[in-house]
Amino acid sequence: MGRMDELDLMMINAMQLSPRAPWTELAEPLGVDASTLSRRWAQLTAGGSAWITCYVGPSQLSWGGMALVEIGCAAGQAEEAARRIARCPHAVSVEITSGSRDLLVTVAAVTQQAVTAVVLDVLPRVFGVQWVRTTMIVRMARDAGSWRLDSLDPGQRRSIGEEQPETNGQPPSLTPHRELILALGEDGRMPYSELSHRTGVPSSTLRRRIPDLVRSGRMTIRCDTAAPEAGWPVHVSLWLDVPVGRIGDVCAGLAAMPETRMSAHVAGGASVIAIVWLHRLEDLADWEHRVASAHPEVSVVDRAVSLRSVKRTGRLLNGAGRAVGHVPMDFWADPAPDV
């Protein structure tokens, strides 16, 4: 398994900040000409080492629109069950994990009814699944789309810039933009001309509409990477017991930690869940120690180490964490119990 070089990591960091920035705008901050950047990015994407996707912004999924689902499987059936579940357009991510569950699946849809249908009617019928336990996500404090590599210096980051989405939320009026979100989910850097052909919307309108949807928080365009190649091979999910009056502060504190990919207030056996990426499994103790020092009232209820990432934000992954396929994240689709 290869490791990315410095330019690869800088490019991915730049794409995390500004996923659709023209190469001509990134050439000066990165110190490389635009043609070289374009060629290197094409190599990364062709090999599945990096990709840019798009999905409905977390602020648009009201309570009940997103859930974390733990699944127990029959002996020897976890991989086959994970492969089948990954075909579901509502399965945002699928992990084979250690601990008391075999699979950990993030499910999202535009309505609570659709999430309920996936959890009750679709997942239990998948071959190999023996039991399903669901935790509803109440509020997302940090979505993994805001996680960043630290490959650029402060000057480079300022030069590239980054638009911070609004947090006040918008009415759930994304249905007219369904085709746009699905097209960008396939390729977040898809040219405006092709987007116009796919959606029937003029390129000039799309040049205004896409930044507006991202800025408002209604839509997320996200750069992701083969984590082992980027130096983050260890992924751990943690369930935390937090006093009710401290949930907001703790979620915000977890979100500020550089290893934290996601933190959320949940309704389940625990009150908060966090997903962290680490360089080594030994680093987990340090992360937990820092949490305990900052928030002594918090206790870890459970942990699950990812043994294999099968799907992440619509991309099917191989054993090396590289993207080898794409399943559209169509949160509007009717849940179909045939996976």
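A cavity is a set of grid points where a 1.4 Å probe fits but cannot get out, and the structure shown here, which is a predicted model, holds two cavities of 30 Å³ or more.

**View 1. The largest cavity and its lining.** The largest cavity contains about 470 Å³ of space. Its lining is made up of 32 residues, and those that lie nearest the centre of the cavity are Ser-93, Thr-106, Ala-144, Arg-222 and Ile-275. Sorted by class, the lining of this largest cavity comprises 18 nonpolar, nine polar and five charged residues.

**View 2. The second largest cavity, with residues from β1 and α7 in its lining.** In the second largest cavity there is about 50 Å³ of space, and the residues that line it are Thr-53, Cys-54, Ile-181, Leu-182, Gly-185, His-326, Val-327, Pro-328 and Met-329. Strand β1 (50-56) and helix α7 (178-186) each supply at least two residues of this lining, and the largest share, three residues, is that of α7. Six residues of the lining of the second largest cavity are nonpolar and three are polar, while no charged residue takes part.

**View 3. The largest pocket.** With a volume of about 1,300 Å³, the largest pocket is lined by 42 residues, of which Glu-163, Pro-165, Val-214, Met-219 and Thr-220 are the closest to its centre. Two or more residues of the lining come from each of α1, β5, α9 (203-215) and β6 (219-225), and β5 provides the largest share, which is six residues. The lining of the largest pocket divides by class into 20 nonpolar, twelve polar and ten charged residues.

**View 4. The second largest pocket, with Trp-41 among the residues nearest its centre.** The second largest pocket has a volume of about 270 Å³, and its lining consists of 18 residues, of which Trp-41, Thr-45, Ala-50, Trp-51 and Asp-187 lie nearest the centre. Helix α3 (34-46), strand β1 and strand β12 (323-326) each supply at least two residues of the lining, with α3 giving the most, four residues. By class, nine residues of this lining are nonpolar, five are polar and four are charged.

**View 5. The largest nonpolar core and a second, separate one.** In soluble globular proteins, nonpolar side chains tend to be buried together. Here the largest nonpolar core has 65 residues, among which Leu-26, Leu-37, Trp-41 and Leu-195 touch the most other members, and helix α1 (residues 6-17) contributes the largest share of this core, eight residues. When neighbours within four places in sequence are left aside, Trp-41 is in contact with Met-11, Ile-12, Met-15, Trp-23, Ala-50, Trp-51, Ile-52, Arg-189 and Cys-223.

**View 6. Helix α5 and the strands against which its buried residues pack.** Along helix α5 (residues 112-122), the buried residues are Ala-114, Val-115, Ala-117, Val-118, Val-119 and Val-122. These buried residues pack against three strands, namely β2 (66-73), β4 (103-108) and β5 (129-142).

**View 7. Thr-97 in strand β3.** Thr-97 has its place in strand β3 (residues 91-97), and because its relative accessibility is 6%, it counts as buried. A polar atom of the Thr-97 side chain lies 3.3 Å from the backbone oxygen of Arg-101. Not counting residues up to four places away in sequence, Thr-97 touches Asp-102, Leu-103, Leu-104, Ala-304, Val-305, Ser-306 and Leu-307.

**View 8. His-295, in the loop between α12 and β10.** The loop that holds His-295 runs between α12 (283-294) and β10 (299-312), and His-295 is buried, with a relative accessible area of 9%. Its side chain is joined to that of Arg-246 by a polar contact of 3.4 Å. Beyond residues up to four places away in sequence, His-295 touches Arg-246, Asp-249, Val-250 and Gly-253.

**View 9. Gly-231, in the loop between α10 and β7.** Gly-231 lies in the loop between α10 (227-230) and β7 (234-241), and with a relative accessible area of 8% this glycine is buried. Apart from its neighbours within four places in sequence, Gly-231 is in contact with Arg-3, Leu-278 and His-279.

Key:
Residues numbered from 1 in each chain as written. Predicted model: local features only at pLDDT ≥ 70, side-chain atom pairs only at ≥ 80, totals over all residues. Heavy atoms only, no water. Buried < 20%, exposed > 50% of the residue type's maximum accessible area, 1.4 Å probe, protein only. Contact = heavy atoms within 4.5 Å. Polar contact = N/O pair within 3.5 Å; in protein donor to acceptor, adjacent residues only side chain to side chain. 1 Å grid on protein atoms, 1.4 Å probe; cavity = no way out; pocket = protein on both sides within 12 Å on 5 of 7 lines; lining within 4 Å. Points joined across faces, edges and corners; volume = space filled by probe spheres on them. Nonpolar A, V, L, I, M, F, W, Y, C, P; charged D, E, K, R; others polar. Core = buried A, V, L, I, M, F, W, Y, C linked by side-chain atoms within 4.5 Å.
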